[in-house]
Amino acid sequence: MGKYIDEKIELLDERGFLKDFGYSYRMVFDYNRNKIKTNLFSLKEWDFYQIKHQDYIIQMTFGHVSYAANFSFNIFNVKTGRKISISKIKLFPFKSLNMPEDPDKNTQLFYKDKEFNICFTINNYRRILDFNFKGYKGKSQKKIYIEVQIELFNKKDENRIVIVTPFEKKNQFYLNCKENFFNIAGKVNIDDIVFDFDSNDTAVLDWGRGVWPYKHQWFWGNGAAVINNNRFAFNLGWGFGSDGSPKENIYFLNGKPYKIENLKYDIDLQNYMNKWHFYDEEGKLDLEMTPIFDNYTKNKLLIVNTKCHQVWGYFNGYVKSDNGKKININNLLAFCEHAINRW
């Protein structure tokens with residue numbers, strides 16, 4: 001499971017090595033980019049938000065891998081498969097984006113050109129995500145207008161899963177924060193896709209900073225919903241880091257964390273649309289996903305080569321509360337993905 005750390009500590013020493021690693025339910029790791037002692041091409045930093053509204057999934061990314069920055073907006077429908085993806089690449093930004101060293105630091109990230117405008121504003125735990133696009137898209141070069149405004153709110157003391165992952169090389173690490181339970185407001189206006197957000201909508205923040213190996217892979221699953229008046233969220237992750245790395249397998253009930261020590265899984269990597277099964281040795285969690293949509297993506301640019309099967313489906317099963325009572329999970333729309341990367 002890894003070491004639980006609850007006291008504020010510096011992440012790196014003067015050599016750029018991890019001082020310690022483990023997990024926490026709040027950001028206790030003081031990340032200082034200037035302490036990294038490795039080549040500029042190894043640093044990876046991103047802020048990724050994913051918002052679910054009924055059958056629509058919105059993804060917004062602001063990040064870089066030193067030699068290339070990516071600013072992107074995606075929306076897709078898991079029932080129809082319709083997808084709109086718009087992104088911009090900026091070559092060799094290195095550290096010029098000045099991304100915050102803490103996920104809660106008041107800041108503003110933005111990129112703008114004549115047709116594309118993305119902006120993330122963080123102010124006192126209020127996160128404002130803006131995206132605007134006016135341009136031509138697709139083979140038909142149809143003109144498209146996109147206006148998205150999203151506000152995410154959360155409590156200052158809300159639990160999240162924060163993981164520090166080591167790698168074989170001492171100057172490599174990954175600091176990651178994943179957070180659910182946001183209240184959501186705002187609107188989406190994309191041609192015939194128009195809606196406001198409501199109390200049933202959910203979001204996850206995936207905030208990452210680190211120096212990684214060029215070749216790597218991971219599995220990551222996440223979902224949230226209100227179930228019988230219980231706020232429920234889960235996060236599953238494995239396949240990443242060195243042996244003995246802390247794992248991010250956890251679920252939350254009404255904000256309380258329940259860590260999973262030994263997650264087991266049955267996955268058919270030859271056919272991602274077969275059922276996925278997740279369970280643990282203690283019997284605290286047992287979930288089966290029936291896939292309905294594979295949001296498969298691949299990118300190849302310069303030395304970047306990424307492939308990801310982000311599989312969406314309905315999760316059914318149960319988790320247990322403190323007294324051993326089962327909380328039944330019925331048809332929760334969520335995802336689990338398998339990424340294989342060289343970047």
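This is a predicted model: local features need pLDDT of at least 70, side-chain atom pairs count only at pLDDT 80 or more; totals for chains, interfaces and linings use all residues.
Strands of a sheet pair through backbone hydrogen bonds, and they can do so in a parallel or an antiparallel way. Here, eight strands line up in the order S2-S12-S13-S16-S4-S5-S6-S7, forming an open sheet with antiparallel pairing. At the edges you'll find strand S2 (22-24) and strand S7 (83-91); each has a single partner strand, so one side of each is left without a neighbour in the sheet. Going from one strand to the next, the twist averages 10 degrees.

Now zoom in on one pairing. Strand S5 (residues 56-64) and strand S6 (residues 68-77) run antiparallel to each other and share nine bridges.

Next come the rings. The whole structure holds 40 aromatic pairs. One of them joins Phe-232 and Phe-234, a tilted pair with 6.2 Å centre to centre and 35 degrees between the planes. Both Phe-232 and Phe-234 are buried, and they belong to one aromatic cluster whose members also include Trp-238, Tyr-265 and Trp-276. Tyr-251 and Tyr-258 make a stacked pair, 5.0 Å centre to centre with 0 degrees between the planes. Why does Tyr-251 count as buried? Because its relative accessibility is 0%, and buried means under 20%. Tyr-258 counts as buried too, because its value is 10%.

Finally, look for charges over rings. The charged end of Lys-259 sits over the ring of Tyr-23, 4.6 Å from its centre. Likewise, Lys-326 has its charged end over the ring of Tyr-318, 4.3 Å from the ring centre.

Methods: Residues are numbered from 1 along each chain as its sequence is written. Side-chain values use heavy atoms; hydrogens and water are left out. Two strands pair if DSSP finds at least two bridges between them. Helices (H or I, at least four residues) and strands (E, at least two) are DSSP runs, numbered from the N terminus. Axes are lines fitted to C-alpha atoms, for helices over the stretch in contact, and angles run from 0 to 180 degrees between N-to-C directions. Rings of Phe, Tyr and Trp (its six-membered ring) pair if their centres lie within 6.5 Å; planes under 30 degrees apart count as stacked, over 60 as edge-to-face and the rest as tilted. Buried means under 20% relative accessible area, exposed over 50%, partly exposed in between (1.4 Å probe, protein chains only). A charge sits over a ring if NZ of Lys or CZ of Arg is within 6 Å of the ring centre and within 35 degrees of the ring normal.
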